[in-house]
Every structure is written in structure tokens, then in C-alpha cells.
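Please look over the structure below. The explanation that follows takes up its aromatic pairs and then its interface.

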Amino acid sequence: MAHFTKATSVKDWLNQRLAVEKVEKVMMSEYWIPKNINFLWAMGMVLVVTFALLVVSGIFLLMYYVPTTADAFYSVNYTIMREVDFGWLWRHVHGVAASVVFLIIYIHMFTGIYYGSYKKGREMIWISGMLLFVAFSAEAFSGYMLPWGQMSYWAGMVITNLFSGGSLHADGLVEWIRGDYVPAQAFLGRFFMLHVLLLPLAIMGLIGLHFGALRIPHVNNQDGEEIDFDAEAKKYLDGDKAGSKVMRFANDFMSKDMMVVGVYLIFFFYLVFYNYGFAMDPVNFDPADGLKTPAHIYPEWYFLWSYEILRPFSIDLGLILFAFAQVIFVLLPFLDRSPNTVPANRRGLFAIWFWVMLANMIVLTAMGKLPPEEPFSTIGFYSAIIFVAQWLLLPIITMFEKKV
Amino acid sequence: MKNKEPIILAVVVFFSLVTYYLVEPYAHHVMHKHVDSENFAYADLPEVTKTGDAVSGQELIMNAGCAGCHSIEAAGMPAPMDAVMAAQSYGVNPPDLSNAGAIYDAKFLSSLIKNPAHALKVEHKFDEAKGQMHPMVAFYGMGGDIDQEIADMVAYLQSIAVKSEEVTPAMAFENACGRCHAVGYENWTQLGTKPKFKHEKDSLAYDIKVMEYQDSLKAYMGKLPPDLSMYIRSRNEHFLSTFIENPQNHLAGTAMPRVGVTAESAEKVIEHLKDAGDPKRHERAAVGMNVMIYIVIFAIFALLWKKQVWRDLH
């Protein structure tokens, strides 16, 4: 057993038991961050803030939400929107944050791809990040079921149908997932559980893993520079704060994080109060009706690109390519054969690969929402082929990349 | 080192806005046909050329038998039968005419009296040649100049109605829409506002009456007209306004009649739907402003803090 002495202060008392000073150093003041990074490196903090907004607003909504097919729609649109003080505010915060969190996730992802932040020891950061993306996707989808509007019901119908596996006709699996032949009470109940318990737990665990994965390889920087963190940290601690290439996480980088968060929150609350329509689809304000299919069924915007990889093909090929699109990003660290951990603009062909990937995913996103008619179907078809081809080409073009 | 942040921000904003434009305004523009407002002019109906006389209008209304189906509470004429029985007879409960002169367009009323199915744009449902008669019998005249007689009747209806500025959003909705559409969130049924009952038995008895009414309505319209509680969110203002103006423009062949409200009454109907489906809109505007002010101040302090911390780092 450790030796305890009479504490001289509250801090000392805590220090002897919890090593708070050590924790503070490890997590904050001696967690070293390179100086040559830009505001895109603050997206992690922006995501933490957005996730916190989701959790807090979700807790308030959970107090009044009723997870039954008879009362879900009413509890959301009447009880929460009309009766509960500021219920409308929590719902709009929750709905807008659920949409905006994906915008930030995509910015965060493409930042990682552009600067090569998944390479050379940072593979686990990337993989845990992609697992978070999957968990957030499941969280978003399960949450979308809860208001039990027309889009909840029909999106639930379409997405669970994917598990029949096309020609495999695994209808038993679909029924097992739904707990019924169609989305009904059993379906709503289990997606409610997933949304408020299991998936948030998984997300919190994965966030811990994601942060932990960052610890040993350190944060990447915008110049592809290899920094000797121990030497630079020593320089900083010896008083040469301006000359050192690194800075403390707190308060040095955190002050910049907060500045970016401040600007982000202006944008976020503007959306919450004045432009929330994009995050709350009008069709979902019609109560679920199994006898009335909406004219257009489409997922929320952040799933559209993968939906469009499914849609232009025959069912079996579509499902295979859809599955390909879901997992391929996870494999990025291993498909990129280049030895360079530098920004894409210094990597020759990879720079073209990056911008084409970004632009093509925006095209896929747009075509995924537009009705499947000409010319959108043809554009979507070729975009989906370009997407797959790009991933098949990636190992080849990066293998021949010159060392910079 | 050159500061690249402005250009990086420009790139992020550019791609975000392109994506937003494509999935929101552009996609909705492709998916939903745009219907222009006709300014509630009812241009397809003939102009009213005669000036009506309310006194002779009153006499005509008595003699033409309007009150055989319609109540005119303002003139002390009650409904000849209750709403459930009226719906069984006509499909839908005929409206009380007390404020018809204020809620509905005069030109529309004139055409309606003369040829209901035509003014209501339900001739695809009620074709006299096939023996499909509209439940409202057309007025064939009392022997004089029929256009003058109709002008007199409309003048009478206008004379007994409240002033148009006294029409409340609820009045406009209840008269023009509320005999077919329930608004559950406003406690409105097709029979009117559901009263508070002390005993559950009475409450259930009321519900049964509503269901009986709805059965007739279903048979008459082909399906039960939807509850409009959340329509201000599930549709939008422009859609609702142009739909009310002429349902056929949006949904050709629909059983919903053109109800012929004035532009002001249509605005009031929409106001009522906002009260039902978006009652916190004023609070949202007020709270929104305060939150924006707070968050801008927060951002300024965050910026100053960053500047202070980073002074030593360069």
C-alpha cells in the first residue's frame, strides 16, 4: 500500500489519491501539439462540443419521448414541441446537431486524408475514427426512426430490406432485425434502445480509443514535418516558448480550439434558429403510414453518397458495391503504399486522386437525393464507377510515388 | 510562414455550400413542381357585373331554400339537423352562412350559387350528364334576372357577416376547412372543438359521434381528409397557400374542392395552421436573437483569449 501523509491542502489530498497533477500534465499542460497546424485541427474539439450538445439535448428529449408506435409521433410533435418549456429548442438543437456533426466529421476525415494523418504509426487513429463514423451513422439512423414519421418508417423499411442480401433472399434475417414483418413496435423499441443506450456507450468508448490512439504517434502537422517531440518539449519548458516547434495542449492550443468553437457555434445556432429545415425533413412531419409510400424516399444528406453507390446497379452488384463503399475507407492506411506523410499537394498523382474523390463524393451525394431519372441516373452510375475505380487505383498510384 | 488559413476556410465553405445547394434547394426544385400563386383572383370565373341589394337578397335567400340545408346563426336560423345527420345526408355538414360574406370571395360565391361543382372545381366527380349531382343544388333563379338575384344574395351575406378584419384565424379555418379536416393538436374535430367532459363515457360518446361523421365523410371524399396539425411543417406556406387556392393545380383529380376563400382568409387559415404546428415561432425568434448575441460575445472573448495566449508562442 502506498504511503499517505497528512494532506497540506485539498489539492495535496487529491494528489496523493488521484495524482491529479500528473493527470493534468499528461492530459493538458504537457500534452504537446505541433505549432504548424491550422484551424482544421480544431475539428476534433468542434466534434466534442457537438457531441456534448447532442447528449445534453438528448437527455432532455428522453424525459418526454414515448417509444411506442401509437404515441411516439405525438410525444415529439405535440408534447415536446408544444407543451414542454423549450422542448422545441432541445429538439431543434438535437436535430441540427445530428446533421451538422456529419459535416464536421467529413471535414475532419478529408483533413486526415489530405495531410496523410493515417500513415506511419497513426493507423489506429484512422481506424478508430472510421469506427466512430460507423457508430455515428448507426446512431443517426436509429435516432431518425424515433419520431415515427413517414420518413422514419420508410427509411427503416428500405434500410432493413438491404439485409435480405438481394438474391440471397435472407428474409428471415430482415424479420429478425425488425422483430416483425414490417417496422412496428418491436422495431421501434429496439432502435430506441440502440439510440439512447448501446450506441452512445459504444461512441463514448470509441472516443476514448480515438484519443488514446493519438497519444503515442502525436498529432500530425500541416507541413509533413517530423518533429522530435521530446527535444522540442524540453526547449519549451526551458523557456524558449517562441523557438520551440511545439506547444501545450492547454491552454495554448485549447485557446485556439475555443476560438474556432466560438465561430462554429455562431454558425450552429444560426442554423438552429433560422435555417433548421435541411436537418428536419418535412416528410417526417407526416405520421408513419404503412399504406402510403412517400413520392420520394431518400436518406439524410450524409448517407446519400453511399446510397447512390447502391442505386444505379442491379440489386446484387449494388449491394456488393455498397458494402465495398462502407468498409473501404477503413483500409485507407494499407491501400496507400506511399512512404510520404506530407500534404496531398506535394504528392503528385495523389493530389489529383484526393480532389477527384472529394468532388465525386459531392456528385454522388447530389445524385443520391435527386429522383432516379435522366440525366441523374447516368451521372450517378458513372460517379459510382469512378468511386470504385479510384479505390482500386490507389495502391498503384501510391506505389510509384517518389519519396519527397 | 504564409498564413494559409483564409484559403483553407474558403475551400471548406465552398464545398459545403455546393453540397448544400445541390441536396436542398436544387433537389427540392427538381422533386416538387412549382405552382405559382394566382393571387386568389379566381380568374376562370365570370366577373360580377351587377350591384347587389341586401334587402332583396335576404328575401331571395329565404325563398330559395338555402336554410333548408345551411344554418345562418347570425340571422337566427339554426341548422335543420345536427352535423352527423347532415353528413349522412350530404356527405359533409353544410357550412353556416353567417360569415360566408367575409371569408369567401364575392365572385366565387356568385359562381358557387349558380353552379357549385364548377366553382368548387369538382366537375370530375359530379357530372350532371352521368347523374352525379353535387349535394348543393344549383340556384336556377326566382324568375327575375338571375345575375341580379345572385348579386343580391351575396350582398345580403356580406351585410350580415362580421367585417373581414374581424375574421380570426380560427374562424376562417373552422368555416373553410374544419368540417372535413381535424386539427388534433388544437383539439378540433370535424364536429367542432371537443368539449371537456367530466365522465369518460361522455367523452367516448362524443368520439363515436365524430367517427360516425367521419364515416360519411370518408364515403363522400373517398378517404378521410388528413388531420392538419403538423401541415405547416410537413408542407410549407407557399404549398399550403397555392393548394388552398386551387387543389387541382397540385393534385389533379383530388376530391378536395376549391373552397374560394379570399386572399386575406387564406392567410388567416395558414396563421391558424402555424398556431397548431409551430406555436413557438415567436419564442424561437426572441430566444434566437438572445442566443446569437450571447454566442457572438463568447466568440469575441475566445478570440481575445487566443491572442493573449499565443503572444508568447511566436
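How many aromatic pairs does the structure hold over all chains? In this predicted model, the count over all chains is 52. One of them joins F102(A) and Y302(A): the ring centres lie 4.0 Å apart and the planes meet at 10 degrees, under the 30 degrees that set the limit, so the pair is stacked. F102(A) belongs to helix α5 (residues 87-114) of chain A, while Y302(A) sits in the loop between α11 (249-274) and α12 (304-310) of chain A, so the pair ties together parts 200 residues apart in sequence. F102(A) counts as buried, with 1% relative accessibility, and Y302(A) counts as buried at 4%.

A pair with another geometry is that of W305(A) and F329(A), whose centres are 5.8 Å apart and whose planes stand at 75 degrees, so this pair is edge-to-face. W305(A) lies in helix α12 of chain A and F329(A) in the loop between α13 (315-328) and α14 (332-335) of chain A, so parts 24 residues apart in sequence are tied together. Both W305(A) and F329(A) are buried.

Ring pairs also link residues of both chains into a cluster, including W41(A), F110(A), W355(A), F14(B) and F15(B).

At the interface, 52 residues of chain B contact 60 residues of chain A. The area buried between the two chains is about 5,200 Å², and carbon and sulfur atoms give 71% of that area. The rule finds five salt bridges across this interface; D312(B) and K241(A) form a salt bridge through their side chains, at 3.8 Å from N to O. On the side of chain B that touches chain A, α1 (5-31), α10 (231-234), α13 (263-277) and α14 (281-310) of chain B each supply at least two residues. The residues of that side comprise 34 nonpolar, six polar and 12 charged.

Terms used
Residues are numbered from 1 along each chain as its sequence is written. Chains are lettered from A and ligands numbered from 1 in the order in which they are written. This is a predicted model: local features need pLDDT of at least 70, side-chain atom pairs count only at pLDDT 80 or more; totals for chains, interfaces and linings use all residues. Side-chain values use heavy atoms; hydrogens and water are left out. Contact means heavy atoms within 4.5 Å. Buried area is the accessible area (1.4 Å probe) that two parts lose on being put together, summed over both. A salt bridge is a side-chain nitrogen of Lys or Arg within 4 Å of a carboxyl oxygen of Asp or Glu. Helices (H or I, at least four residues) and strands (E, at least two) are DSSP runs, numbered from the N terminus. Ala, Val, Leu, Ile, Met, Phe, Trp, Tyr, Cys and Pro count as nonpolar, Asp, Glu, Lys and Arg as charged, and the others, Gly among them, as polar. Rings of Phe, Tyr and Trp (its six-membered ring) pair if their centres lie within 6.5 Å; planes under 30 degrees apart count as stacked, over 60 as edge-to-face and the rest as tilted. Buried means under 20% relative accessible area, exposed over 50%, partly exposed in between (1.4 Å probe, protein chains only).
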